[in-house]
Amino acid sequence: MDRTIAVWLGPEQAGLLRQAADAAELDVVAAGSPARGQTGGVAEQLGGAPIDDLRAMLATADAKLILIAAPDSFGAGPDPADAAAIRAAHARGVRVATLEPIPAAAMDLASGGWTDSGPGPRPADVIRFCPLARLSAPYRSAAEVLTGFGHIRMMQVESWSAPAEGSLGARLYGAMDLILSLLGEPEFIDAAYIGPGHGKGVHSLPGESLRGLHGDLTANLRFADGRAAGLAVSNQVGRWNRTATLVGPAGRLRIFDDGFEGVAPDGSKTDELRQPARKRGQEPALAHSAAALADALGRMLDPAIPDPGPTDHGTLLAMSQAALLSARTGQAESPTTIKHMAGAV
């Protein structure tokens, strides 16, 4: 089985990528960085050949999978060359994964060639954002419980990380993907944003793009049929954790990075699975972020596992940007508004 991978990353991400590659038994054959003068260093840490240009990596790297961990300016703006580079990589049989949404704004999705048809699939449908909670080991283990849980009337999603594990935009996009998969698209989103400099006399507001977004964000999502969801995400909290709580007639179901727990309305425990078993307070053998990434990358390279397909990138960008717009306006905003502003996506 070919488990070769090329990685484009920031120098602060080398430790995470080394752990994930070792855990998934991946062979890093090439590495590069958008940080000036850092390609040689990250390539040495990961044991791959240095490549100092991402488009060159997409065009030439002899790897089964290319992971874009730090896209920098790649995929930002209307230049169609980046989308063309992704299409060319796909044409030569290379899969492309990313830790960040690419592109990171609905306007760029519509104008940067990402939704252009032929030859082959649309570039936006080639990239696989990872790691997605709904495709992770805990959700696969909880599949039968989720199927039998019934109508979800409310859910709460928390997603935490350090900056090296991804931007706030990545945490927000991943949380929205989970909500969309279980509840569908919301009617309105009411959000608040706190920038990294809060408390130092600075009250910052987010821009329109998920690229380079850092800080904390909370949001309430309202659905046309009366259901609701909440989320709290941050990339400033030092340790990766993802938790979702589903509420319905069957009680509540909580899904963690390492398992799940179901509680009936009368308080009795209905289901529980935590893997691997460890004592309370004991650190996991492998950090949750590295374990989640290793699982996602390993499954992408396993020919026996069907490709789950692309995310609904247009809807997820619209949901995420509606939250950013709400944080700027102080009012609830609609993803439909973002879609109309960006054109058909």
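Where does Asp72 lie? In this predicted model, Asp72 is in the loop between strand 4 (65-68) and helix 4 (81-91). Its phi is near 55 degrees, a positive value in a residue other than glycine, and Asp72 is partly exposed, with a relative accessible area of 48%.

## The chain as a whole

The secondary structure of the protein chain comes to 12 helices and 14 strands. For a chain of 345 residues, a compact globule would have a radius of gyration near 20 Å, and the protein chain agrees with this at 20 Å. Along its principal axes, the C-alpha trace spans about 60 × 45 × 45 Å. Of the 345 residues, 52% count as buried. Among the contacts between residues at least 6 apart in sequence, 72% join residues at least 24 apart.

## Backbone features in loops

Most residues other than glycine have a negative phi, and most peptide bonds are trans. Glu25 is exposed, with a relative accessible area of 65%, whereas Asp72 is partly exposed.

The bond from Ile102 to Pro103 is cis, with omega near -10 degrees, and Pro103 is found in the loop between strand 5 (95-98) and helix 5 (106-111). The bond from Cys130 to Pro131 is likewise cis, with omega near -5 degrees, and the place of Pro131 is in the loop between strand 6 (127-129) and helix 7 (137-141).

## Buried residues and their surroundings

| Residue | Relative accessible area |
|---|---|
| Thr311 | 12%, buried |
| Thr245 | 18%, buried |
| Gly248 | 4%, buried |
| Ile127 | 7%, buried |

Ile127 lies in strand 6. Leaving aside its neighbours within four places in sequence, Ile127 is in contact with Ile86, Val96, Thr98, Ile102 and Trp114; among these is Ile102, the residue from which the cis peptide bond to Pro103 runs. The C-alpha atoms of Ile127 and Leu213, which are 86 residues apart along the chain, are separated by 20 Å.

The side chain of Thr245 makes a polar contact of 3.4 Å with the side chain of Arg254. With the same exclusion of sequence neighbours, Gly248 touches Phe149, His151 and Arg153. The C-alpha atoms of Gly248 and Pro78 are separated by 44 Å, the two residues being 170 residues apart along the chain.

Thr311 has its place in the loop between helix 10 (288-300) and helix 11. A polar contact of 2.8 Å joins the side chain of Thr311 to that of Tyr173. Beyond residues up to four places away in sequence, Thr311 touches Leu132, Arg134, Tyr173, Asp177 and Leu316.

## The contact of helix 11 with helix 12

How do the axes of helix 11 and helix 12 cross, and at what angle? The axes of helix 11 (residues 313-329) and helix 12 (residues 335-342) come within 8 Å and cross at roughly 110 degrees. Helix 11 is therefore roughly perpendicular to helix 12, a class that takes in angles of 65 to 115 degrees. On the side of helix 11, the contact is made by Thr315, Ala318, Met319, Gln321, Ala322 and Leu325, and on the side of helix 12 by Pro335, Ile338 and Lys339. By type, the residues of this contact divide into six nonpolar, two polar and one charged.

How values were computed:
Residues numbered from 1 in each chain as written. Predicted model: local features only at pLDDT ≥ 70, side-chain atom pairs only at ≥ 80, totals over all residues. Heavy atoms only, no water. Axes fitted to C-alpha atoms, helices over the stretch in contact; angles between N-to-C directions. Helix = DSSP H or I, 4+ residues; strand = E, 2+ residues; numbered from the N terminus. Parallel < 35°, antiparallel > 145°, perpendicular 65-115°, else oblique. Contact = heavy atoms within 4.5 Å. Nonpolar A, V, L, I, M, F, W, Y, C, P; charged D, E, K, R; others polar. Buried < 20%, exposed > 50% of the residue type's maximum accessible area, 1.4 Å probe, protein only. Polar contact = N/O pair within 3.5 Å; in protein donor to acceptor, adjacent residues only side chain to side chain. Rg over C-alpha atoms; globule rule 2.2 N^0.38 Å.
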